[in-house]
Amino acid sequence: MGVDIGATYTRVVLADQDGVIIAKAKDRTPRERDSLAVARNIIRMGRGLLKENGVSERELKGIGVGSIGPLDMRRGILIRPANLPVENIEIVAPLTEEFDVPTYLVNDCVAAVIGERHFGAGKGVDNLVYITISTGIGGGIYVNGHLLLGKDGNAHEIGHMVIDSEGKLTCGCGKRGHWEAYSSGRGVPQLARLIISSKGEEAFRGSALYRKSGGDLDNLDAKMVYDAAKEGDALALKIVNEAGRYNAMGVANVINVYDPSLITMGGSVTLNNVELVLEPIKRMVGDYLINRPAEITVTPLGEDVGLYGSIALALGWEELPRLK
Ligand SMILES: [Zn+2]
């Protein structure tokens, strides 16, 4: 059983012993002030999938869970996740108790890089990075074949690396100048407002963004900006290029720090705008590099990349480092 816990949706899949997904379910992630609500939801979805597909509980080999963080991997829980109104969310203990199989919990981007290495473009690649650009920005990393986790399992919060010392924009985490504040799904509209405020109202009025947002800057979202850029709108293209420069800085920092040979990229902003996200990174990353460049490509596994990682964990294909 593979599980992906997002801020909005929880997805559960069943896979066979070769890792082929045989059934999928998706439901809203509960927002109750109850530390067991998320686990109960997963149990209900998992039980439903087993029943609908005629799989007996004895056939279940393991459960892998990729989740929004931050995690305390040692205790198998999420701690004060952004966007969910509860202190601690229990995951591993209630699932293990219910299904009586090994249950593994990792950060969602760590799950994604595991999925990439076992099922996607990262097969046989020992120095591999996965980067997601969606509502936020995150990463998962192998160095010399070793999966990196950190002391609590929260390594590579790469979206929160500082890429603007002036701190012009504020991140969802509350700190200033973080990569995610400039070019994630939540960051692009902030960057758009910053650029428009410097270029003046006139430029906004003449742009497709004016029409799309109903003339209200507060209505702007990342999709409007990328859609307008696809139509060739000059202001939107300028914003996309600036977002691309911040992405190039972030990706260059990752290459300089981890020295990967391959970076695969996913997340909704990337997957919906592959060319507009990847092209500026490839064009500008060299401006910030000291290390030999890495190949940069979009994940072939799409939105399921993290689920594939959860499946690999459930099947015991990836042994997680022991945290000390
Ligand atoms: Zn941040």
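The questions and answers below concern a predicted model of one protein chain with a zinc ion.

Q: What is the arrangement of the four donor atoms around the zinc ion?
A: The angles they subtend run from 100 to 119°. Four donors count as tetrahedral if all angles lie between 85 and 135 degrees. The arrangement is therefore tetrahedral.

Q: Is Cys171 buried or exposed?
A: Buried means under 20% relative accessible area. His160 has 24% and is partly exposed. Cys171 has 5%, so Cys171 is buried.

Q: What does the globule rule give for the radius of gyration of 324 residues?
A: The chain has twelve helices and 13 strands. Its radius of gyration is 20 Å, close to the value from the rule, so the chain is as compact as a globular protein of that length. The rule gives 20 Å.

Q: What share of the contacts with a separation of 6 or more comes from residues 24 or more positions apart?
A: The C-alpha atoms fill a box of roughly 65 × 45 × 35 Å along the principal axes. Of the 324 residues, 54% count as buried. Among contacts with a separation of 6 or more, residues 24 or more positions apart account for 64%.

Q: Which residues have the most contacts inside the largest nonpolar core?
A: In soluble globular proteins, nonpolar side chains tend to be buried together. The largest nonpolar core here has 54 residues. A second, separate core of 51 residues includes Tyr182, Ala208, Ala228 and Val254. In the largest core, the residues with the most contacts are Met1, Ile63, Ile91 and Phe99.

Q: Which elements do the buried residues of α11 pack against?
A: Helix α11 spans residues 274–284, and its buried residues are Leu276, Val277, Leu278, Pro280, Ile281 and Met284. They pack against β9 (128–133), α8 (222–230), α9 (234–258), β12 (262–266), α10 (268–272) and β13 (295–298).

Q: How far apart in space are Ile79 and Ile89, C-alpha to C-alpha?
A: Ile79 lies in strand β6 (residues 77–79) and is buried, with a relative accessible area of 19%. Beyond four places in sequence, Ile79 touches Pro70, Leu71, Asp72, Glu87 and Asn88. Ile79 and Ile89 are ten residues apart in sequence, and their C-alpha distance is 6.5 Å.

Q: Is the peptide bond from Gly69 to Pro70 cis or trans?
A: Pro70 lies in the loop between β4 (63–67) and β5 (71–72). Omega of the bond from Gly69 is near -5°. The bond is cis.

Q: What is the value of phi near which Asn144 lies?
A: Asp100, in the loop between α2 (92–99) and β8 (103–107), has a positive phi near 60° and is exposed at 67% relative accessible area. Asn144, in the loop between β10 (137–143) and β11, is exposed at 52%. Its phi is also positive in a residue other than glycine, near 50°.

Conventions
Residues numbered from 1 in each chain as written. Predicted model: local features only at pLDDT ≥ 70, side-chain atom pairs only at ≥ 80, totals over all residues. Heavy atoms only, no water. Donors = N, O, S within 2.8 Å, 3.2 Å for Na, K, Ca; no water. Tetrahedral: all angles 85-135°; square planar, octahedral: opposite > 155°, others 65-115°. Buried < 20%, exposed > 50% of the residue type's maximum accessible area, 1.4 Å probe, protein only. Helix = DSSP H or I, 4+ residues; strand = E, 2+ residues; numbered from the N terminus. Rg over C-alpha atoms; globule rule 2.2 N^0.38 Å. Contact = heavy atoms within 4.5 Å. Core = buried A, V, L, I, M, F, W, Y, C linked by side-chain atoms within 4.5 Å.
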